[in-house]
Amino acid sequence: MGCPAALYLAAAGVGRLTLADSDKVDLTNLQRQILYRSESVGAVKVEAARGALTAVNPDVSVVALHKRLEDFSELVSAADLVLDCTDNFATRHAINRACVRHARPLVSGAALRFDGQLMVFDLRRPASACYACLFPEDAQVEEVQCSTMGVFAPLTGVIGAMQAMEALKLVAGIGESLDGRLMIFDAKNAEWRGVRVKKDPACAVCSRTASSAAGR
Ligand SMILES: [Zn+2]
């Protein structure tokens with residue numbers, strides 16, 4: 001999702017994009033990671049991405065971090081908005097925690113096999129749910145990733161483009177964001193479903209008791 005999302009954000013002229021990834025481009029990535037070309041195979045992903053994005057829009061400042069981040073606090077506090085295009089729960093929760101702490105809107109996307117999900121957590125608003133309200137950190141979840149399970153390539157384009165759309169709406173203050181709703185897309189049957197998401201008053205990450213305990 002990061003590839004299509006970053007392309008649309010750069011093309012739209014967002015001022016600064018910070019990309020973080022520890023991988024190099026692999027031939028098997030090319031079917032869905034549309035920033036890369038055959039000659040990108042073996043290159044550091046964030047460097048290849050910066051090249052492709054600045055070719056589209058040289059006025060956008062692209063910060064390329066070639067590492068696997070665990071602490072997101074500093075980066076999130078310096079950003080206006082965060083897109084989560086990752087594929088594992090530990091990273092998703094770490095990003096969510098930083099967004100709750102610094103009150104930054106989080107646009108979260110997921111795609112696996114033929115199933116896509118899109119969520120917005122506008123954490124500038126105290127009443128908004130966070131990612132952990134929906135998927136608690138201590139929940140027993142089966143970790144399945146695109147790299148092992150596969151994903152229908154155009155689905156990452158659909159979800160990534162929608163992440164960019166929601167991000168641009170939030171940054172520009174246009175329309176109604178998806179905050180408080182989870183969109184689920186079944187690509188096989190071409191069906192969208194929307195589910196209301198409410199803040200969990202007992203959420204260990206964003207509830208008032210959790211934040212006051214953390215502030216002590
Ligand atoms: Zn929460």
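Tutor: Let us begin with a definition: a residue is buried under 20% relative accessible area, exposed over 50%, and partly exposed in between. Please bear in mind that this is a predicted model.

Student: Why is R125 called partly exposed?

Tutor: R125 has a relative accessibility of 43%.

Student: What makes the contact of D179 and R125 a salt bridge?

Tutor: A side-chain nitrogen of Lys or Arg must lie within 4 Å of a carboxyl oxygen of Asp or Glu. For D179 and R125 the N to O distance is 2.3 Å, and their side chains do meet in a salt bridge. D179 lies in the loop between α7 and β6, and R125 in the loop between β5 and α5, so the pair ties together parts 54 residues apart in sequence.

Student: How do you know whether D179 is buried or exposed?

Tutor: Its relative accessibility is 14%. Buried means under 20%, so D179 counts as buried.

Student: Why is the pair of K45 and D23 called a salt bridge?

Tutor: The closest N and O atoms of K45 and D23 are 3.9 Å apart, and the cut-off is within 4 Å. K45 belongs to helix α2, whereas D23 sits in the loop between β1 and α2, 22 residues apart.

Student: What makes K45 and D23 receive their accessibility labels?

Tutor: K45, at 5%, counts as buried, while D23, at 40%, counts as partly exposed.

Student: How many salt bridges does this rule give?

Tutor: The count comes to seven.

Note on methods: Residues are numbered from 1 along each chain as its sequence is written. This is a predicted model: local features need pLDDT of at least 70, side-chain atom pairs count only at pLDDT 80 or more; totals for chains, interfaces and linings use all residues. Side-chain values use heavy atoms; hydrogens and water are left out. Helices (H or I, at least four residues) and strands (E, at least two) are DSSP runs, numbered from the N terminus. Buried means under 20% relative accessible area, exposed over 50%, partly exposed in between (1.4 Å probe, protein chains only).
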